Amino acid sequence: MIISTGALTALVYLALGAASLVPLLLLTMILIDWKRGNLW
Amino acid sequence: MSYNPLAPDTALVILLLFGLLWVAFGYWLGRKNKTLDDYMLAGRNVGLALGTATAMATWVTSNTTMTAPQLTYQLGVWGMVGYSFGAVGLLLFAPLAGRIKEILPHGFTSGDFIRRRYGLSAWRIFLVISLFYALGWLISLGMAGGLLVNALSGLDYHLGMSVILLVCVSYTLLGGLRAVIATDFVQTIIILLGVIWIAWLVIDNVGIDTMHRDLSAGHPMLLQLLFPAAIMFLFNNLLFGVGEIFHSNVWWSRAFAFRKKTGTRAYLISGLCWLPIPIVAGFVALAAPSLGLNIPSPDMVGPMVAGRILGTTGAVIVFIVVFSALASSLDSLLAATSDLITQDIYRGHLKPDASDLQCFRVGKWVIVGLGLFTWLLCLPRLTTLASLLYFTGAFVASAIWPIVFGLYFRWANGRAASLAMLSGTGSGLLAYFQIGFYVAALVSCAVSLLVIVTSSFMGRHGNFDFAQLAAREND
């Protein structure tokens, strides 16, 4: 059973979309922690 | 392996520039370290952002960035999906991290917990398992550093390995866990931006439809969903990952270092954020046939695809990503292993009345010693030493149940935990040599579970009082 083009596209775009949000998430989190004095 | 897309001089300049940056950063952060808690555990008050990033960065090793494409090239779609299941270890450790901080608020190492929960025998067995694994990982990372730098740029193995070790030892020594965590944050962002950029460019230049068409014609196995070896790999990788994270002081020291009620959330978010990374880093390998690349060795498929699409820029990005991934794991391992040796061997066995200040000083020497030890063992370039890590699966998986039951249930006792770790490791090694690497962790974990449950209930039933773990020692 071979994965279809559609399923492969969905898998890759889902992973890439999620991974692309991670740097934004981390930078937002550190900004919030820094503003609240919660870094360390 | 003669594919060197980067000039050795350029590689050395990148190593030195980034190295200087990390060391200066480590020195700047280390100025705030006044106590043992500051140095070993970053003041025990690390927030959610830094906590999440450090857990993620440590789990993104050079394996994730280099082996994910290699496994995709060898095992197809299941290779990258199976690798991403390594995130389960982080997700499952999330509740444990909260529990660890709650019941052992003044603890330093995973060994502290085993000693106070199970007694001396179990502690010593656990230390052997833990140190064997940590040293195996250190050597394999040190060697991977030299080999990868050599493969990507042709820079001499010894020079590359020595510079990477020197940089990591220096900033860990100067800044302690605070430097490790802060550099991890920056390294995570670098790694993510690098792999995401390359992945988008591969889609833009090749396209998933073209990749699928060319693979269907020439390499249909890579698109196959019923690939037994790949499915086996998925389960073994999952259990190995859980065993690694549950027992290793790398992850326990972070649980102690995070602010109260932060550990669970930090590990949960880091697991979810880590999940897509092996797929993003790995799927680029599927573009190799469409690009007409002749891959001399599967472990070079990632850099070769990036190099073909981006030229020298791609090679530079891959080099920086790999260096960041190596550093983010090496520094964590140096710090956590030094904590284990200082707290459990020096204070635990050699000098029980050592003060925090003495341990603070000894900890620094231990980091230097570990760096030297790793460097010496990496010098002969015996790749068989790096393969040590493969059979540590049998060791680490045997510690999963003693830790889980020890954290949550009163009935688990020291004798049962010792027997479980010994029999799990023994049977796992037997399975490794008689059957294959893919069953070692599975057998070890199953036997350890059976032994700890039967031994605890058949023998003298334990009735442990968790409140006694909360008291501070060495006061």
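## Confidence

The model scores ipTM 0.94 and pTM 0.90. For chain B, the mean pLDDT is 89. In that chain, 96% of the residues reach 70 or more. Where pLDDT is low, the predicted coordinates should not be read in detail.

## The two chains

Chain B is helical: it has 22 helices and zero strands. Its radius of gyration is 22 Å, close to the 23 Å that the globule rule gives for 475 residues, so chain B is as compact as a globular protein of that length. Its C-alpha atoms fill a box of roughly 65 × 50 × 40 Å along the principal axes. Of its 475 residues, 61% count as buried. Take the contacts in chain B with a separation of 6 or more: residues 24 or more positions apart account for 84% of them.

Chain A has 40 residues, and 25% of them count as buried. Its secondary structure is one helix and zero strands. The C-alpha trace of chain A spans about 55 × 15 × 10 Å along its principal axes.

## Where the chains meet

The contact between the chains involves 33 residues of chain B and 23 residues of chain A. On chain B, four helices each supply at least two residues of the side that touches chain A: α3 (48–59), α9 (157–205), α10 (208–218) and α14 (277–282). Helix α9(B) gives the most, with seven residues. By class, this side of chain B has 24 nonpolar, eight polar and one charged residues.

## The nonpolar core

In soluble globular proteins, nonpolar side chains tend to be buried together. The largest nonpolar core in this model has 191 residues. B:L152, B:V195, B:V280 and B:V322 have the most contacts inside this core. Helix α9(B) provides the largest share of the core, 24 residues.

In chain A, B:V280 touches A:A15, A:L16 and A:A19. In chain B, leaving out residues up to four places away in sequence, B:V280 touches B:V195, B:I196 and B:A199.

The buried residues of α10(B) are B:I208, B:M211, B:H212 and B:L215. They cover an arc of only 95° around the axis, which puts them on the same side of α10(B). On the other side, B:D209, B:A217 and B:G218 are exposed. What do the buried residues of α10(B) pack against? They pack against α1 (5–35) of chain A together with α9 of chain B.

## A buried proline

B:P69 lies in helix α4 (residues 62–75) of chain B. Is B:P69 buried or exposed? B:P69 is buried, because 33 other C-beta atoms lie within 10 Å, and 20 or more is the cut-off for a buried residue.

B:P69 and B:M80 are eleven residues apart in sequence. In space, they are 7.4 Å apart, C-alpha to C-alpha.

Terms used. Residues numbered from 1 in each chain as written. Chains lettered and ligands numbered in written order. Predicted model: local features only at pLDDT ≥ 70, side-chain atom pairs only at ≥ 80, totals over all residues. Contact = placed C-beta atoms within 7 Å. Nonpolar A, V, L, I, M, F, W, Y, C, P; charged D, E, K, R; others polar. pLDDT = per-residue confidence, 0-100. Core = buried A, V, L, I, M, F, W, Y, C linked by C-beta atoms within 7 Å. Buried ≥ 20, exposed ≤ 12 C-beta atoms within 10 Å, placed from the backbone. Rg over C-alpha atoms; globule rule 2.2 N^0.38 Å. Arc of directions from axis to C-beta.
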